Amino acid sequence: MQIPIEELESILASHRRYLAGGEDGAAANFEGADLYGANLMDADLAGAVLCGANLKRTILFNACLKSADLERADLKHAILEGADLEGANLAQAALKGANLEHANLRGANLEGASLESASLAGAIYDQATRW
């Protein structure tokens, strides 16, 4: 079942407070969640848990996903253009047809990830990036 927009906004607001050091905030946990097609453009999801989440066709343009856990996430045809995925765990993620143009993949773990037809033009990676 897809997460209702009101609940999604509430979780994101709590995550922002968490990142700012607020006592009333909590790290976002979307493990196994259905976020199909959600617009998360410019969202700050640093350190969020998105293991096994359905992120097909999700808009994550310029989103911050530093150190986020996206293991086994379904990101088919997701828009991750300009996203900051530094240190993110994308092991076993499905990225078929995803747009990762100009994404920061420094130190990201993409071991076992499906990158068929994914666009990586201008993506930034380094020696610590695991393929």
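Reader: How many salt bridges does the structure hold?

Author: The structure holds five salt bridges. This is a predicted model. In general, side chains of opposite charge can pair when their charged atoms come close. Arg17 and Asp24 are one case: their side chains meet in a salt bridge, 3.2 Å from N to O.

Reader: Is Asp24 buried or exposed?

Author: Asp24 counts as exposed, at 54% relative accessibility. The cut-off for exposed is over 50%. Arg17 counts as partly exposed, at 33%.

Reader: Which residue does Lys56 meet in a salt bridge?

Author: The partner of Lys56 is Asp74, and the N to O distance is 3.6 Å. Lys56 lies in the segment after α1, and so does Asp74, so the pair ties together parts that are 18 residues apart in sequence. Asp74 counts as buried at 15%, because buried means under 20% relative accessible area.

Reader: What distance separates the closest N and O atoms of Arg72 and Glu71?

Author: The closest N and O atoms are 3.8 Å apart, and the two residues form a salt bridge. Arg72 is partly exposed, with a relative accessible area of 47%. Glu71 is partly exposed too, with 26%. There is also a network: salt bridges that share partners join Lys56, Asp74 and Lys76.

Reader: Now the backbone. What is the phi of Arg72?

Author: First the general idea. Most residues other than glycine have a negative phi. Arg72 is not a glycine, yet its phi is positive, at about 65°. Arg72 is placed in the segment after α1.

Reader: And what is the phi of Asn62?

Author: Near 60°, again a positive value in a residue other than glycine. Asn62 lies in the segment after α1. Its relative accessible area is 37%, so Asn62 is partly exposed.

Reader: Next, cysteines. How many disulfides does a search of the whole structure find?

Author: A disulfide is a covalent bond between the sulfur atoms of two cysteines. The search of the whole structure finds zero. Cys51 is in no disulfide, and the nearest cysteine sulfur, that of Cys64, is 17 Å away.

Reader: Is Cys51 buried or exposed?

Author: Cys51 is buried, with a relative accessible area of 9%. Cys64 counts as partly exposed, at 22% relative accessibility.

Reader: On to rings. How many aromatic pairs does the count come to?

Author: A pair of aromatic rings is described by the distance of the centres and the angle of the planes. Here the count comes to one aromatic pair. Tyr125 and Trp131 form that pair, with 5.4 Å centre to centre and 90° between the planes. The geometry is edge-to-face, because planes over 60 degrees apart count as such.

Reader: Where is Tyr125 found?

Author: Tyr125 is found in the segment after α1. Tyr125 is exposed, with a relative accessible area of 52%. Trp131 counts as partly exposed, at 47% relative accessibility.

Reader: Which residues form a nonpolar patch on the surface?

Author: Leu120, Tyr125 and Trp131 form the patch. Together they have about 330 Å² of accessible area. So the partners of the edge-to-face pair also belong to this nonpolar patch, in which Tyr125 and Trp131 pass the patch cut-off of over 30% relative accessible area.

Reader: Last, a glycine. Where does Gly97 lie?

Author: Gly97 lies in the segment after α1, the helix that spans 5-19. Gly97 counts as partly exposed, at 21% relative accessibility.

Reader: Which residues is Gly97 in contact with, leaving aside its neighbours within four places in sequence?

Author: The contacts of Gly97 are His77, Glu116, Ser117 and Ala118.

Reader: How many residues apart in sequence are Gly97 and Gly122?

Author: They are 25 residues apart in sequence. In space, the separation is 16 Å from C-alpha to C-alpha.

Conventions:
Residues numbered from 1 in each chain as written. Predicted model: local features only at pLDDT ≥ 70, side-chain atom pairs only at ≥ 80, totals over all residues. Heavy atoms only, no water. Disulfide = S-S within 2.5 Å. Buried < 20%, exposed > 50% of the residue type's maximum accessible area, 1.4 Å probe, protein only. Helix = DSSP H or I, 4+ residues; strand = E, 2+ residues; numbered from the N terminus. Contact = heavy atoms within 4.5 Å. Phe/Tyr/Trp six-rings, centres within 6.5 Å; stacked < 30°, edge-to-face > 60°. Patch = residues over 30% accessible without salt bridge, like charges linked within 9 Å, V, L, I, M, F, W, Y side chains within 5 Å. Areas by Shrake-Rupley, 256 points an atom, 1.4 Å probe, with all protein chains shown as cover. Salt bridge = Lys/Arg side-chain N within 4 Å of Asp/Glu carboxyl O.
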